[in-house]
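Have the sequence and the 3D view ready.

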Amino acid sequence: MATTENEKIMHSNDKALVDDGADELGTLAVLGYKQELKRNRSLFTLLFQSLAIAAVPFGEGGPLLSAVYGGGQLSIFVGWIILLFLASSVAVSLAEIASRYPTSAGPYYWSYQLATPRNRTVLSFINGWVWLIGNWTITLSVNFGLASLITATAAMYHPDFAAEAWQLLLIFYAILLVSFVICTFGNQFLPMVDTLCAGWTAISIFIILIALSVKAAAGRHSAGYTLGHYDKSLSGWGGFTFFIGLLPAAYTFSAIGMISAMAEEVHDPTIKVPQAIALSVPVLWFFGLFFVIPICATLPPLADITEAPGAQALPYIFHTVMGTPGGGLGLMFLVLAITMFCSISITVAASRTTWAFARDDAIPISKIWSHVNPSLGVPVWALLLVTVVQMLLGLINLGSTSAFTAFVSVGVQALQVSYGIPIALSLFSRRIQVSQARWKLPTLIGTTANVVALCWIAFEVVLFSMPTVLPVDKTTMNYASVVLMGFMTIAAVWYFIYARKAYKGPPVTDGL
């Protein structure tokens, strides 16, 4: 939806529209947009959606093999504690900015408002594409991860079974279609789905805690072994092994900023969106603690786990610890259901990001992707684009599993880069804008959180570029950094060839 410069500049006196009793129509108008989506979410349903997106048993359990190579129990337990502080720094840093600019456009909109007039348009465009790519590929990682878990679960009953690439692809496509249908036609029920997911996750973690602790067919470890066993012989990384073990926890918390895309579907977004973002980390961490401890206490020999079918550690661990395929299947059913909930919630968030970016004319044929179906109240075409992009990227796995793995890692890297840019802009401008937000931290605490967040983001981007095991070959090499730089280069080239004339950036505003 192209707009002239005069239409896009919002005068500061428009802020008179915004006070504690202002309606959301006026609030969104100050940010330069009109209300198109229904505000049917509350603080709790937004928080529950963040819990669904993180999906702790999947987020930590899906890539758990990395933590096994990363040393085992010490990396899993201590890594989970460390991530509480690191992820919280990122979350509160994003929360402050989201309170100032509560729109579905998210980080690229924030970057535009916080950057200097000279650089804001190109910076916003590049960060918008990085944000979009991160949303698409992290959603891809969830859906393909669910397909991989399903095939690995089947291997509990058929140890010789190894899914062909085409079989995995068909399961992946089925998951995508189920999520698309639910997100398209069930929008009014999605807050209820997120609430159900939160309850299901809490109950599932409790059941897994009890079942593993009681059965412990592979043996129970002492407290010292449970919390401190460290074997750096498996990865080949030597002293760096511990950091490889941080990958599952980092992946779990990587998408905490995606619920900012729901800002135009929640009441009083200047308070509720930042609260949901900030609260998501400690709530996730608390529930996750009761998931990782019983696993650490009953973990089978690490070397055996590295031979797990389909390179999926969790089904193998459940099968071994429970002692029977039936027991393992019962626990895996709980995790698979959580992951399906995650697929739905993260697809919703990714579609809103796609819709918002198209609304600002940043995607080819934007008018189609930015259209909201009036009867369903959903950006159906944006949902379809998210689904088709995943289907196309999934085809890569037919030719190269290492190339596909790179796309999954790019999801985390791209999200972190898109978070880091507005955080850095806010910090370097001496936090002037966020100091006026309704939800903000004291200056010293906020500045410290920003610095810690930026340092962690920089390290995380490097960490997700590392291969899990050394030495590497062409199939085990991690090409994520190459793919990420390739995406960023394409975005920059596209901007200078075409978009610099068509893309004018989001509306200019003084924020709320």
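Is Thr509 buried or exposed? Thr509 has a relative accessible area of 7%, so it is buried (buried means under 20%, exposed over 50%, partly exposed in between, with a 1.4 Å probe and protein chains only). You'll find Thr509 in the segment after α23 (480–502). A polar atom of its side chain lies 2.9 Å from the backbone oxygen of Val30.

A quick word on the ground rules. This is a predicted model, where local features need pLDDT of at least 70, side-chain atom pairs count only at pLDDT 80 or more, and totals for chains, interfaces and linings use all residues. Residues are numbered from 1 along each chain as its sequence is written, and side-chain values use heavy atoms, leaving out hydrogens and water.

Seven of its 10 residues are buried, so α16 is largely enclosed by the rest of the structure. Among them are Leu314, Ile317 and Phe318.

Now for helix α19, where Trp381 is found. Trp381 has 41% relative accessibility, so it counts as partly exposed.

Here are the two residues with their accessibility values:

| Residue | Relative accessibility | Class |
|---|---|---|
| Thr509 | 7% | buried |
| Trp381 | 41% | partly exposed |

Definitions and conventions
Helices (H or I, at least four residues) and strands (E, at least two) are DSSP runs, numbered from the N terminus. A polar contact is a pair of N or O atoms within 3.5 Å; within protein, one must be able to donate a hydrogen and the other to accept it, and residues adjacent in sequence count only if both atoms are side-chain atoms.
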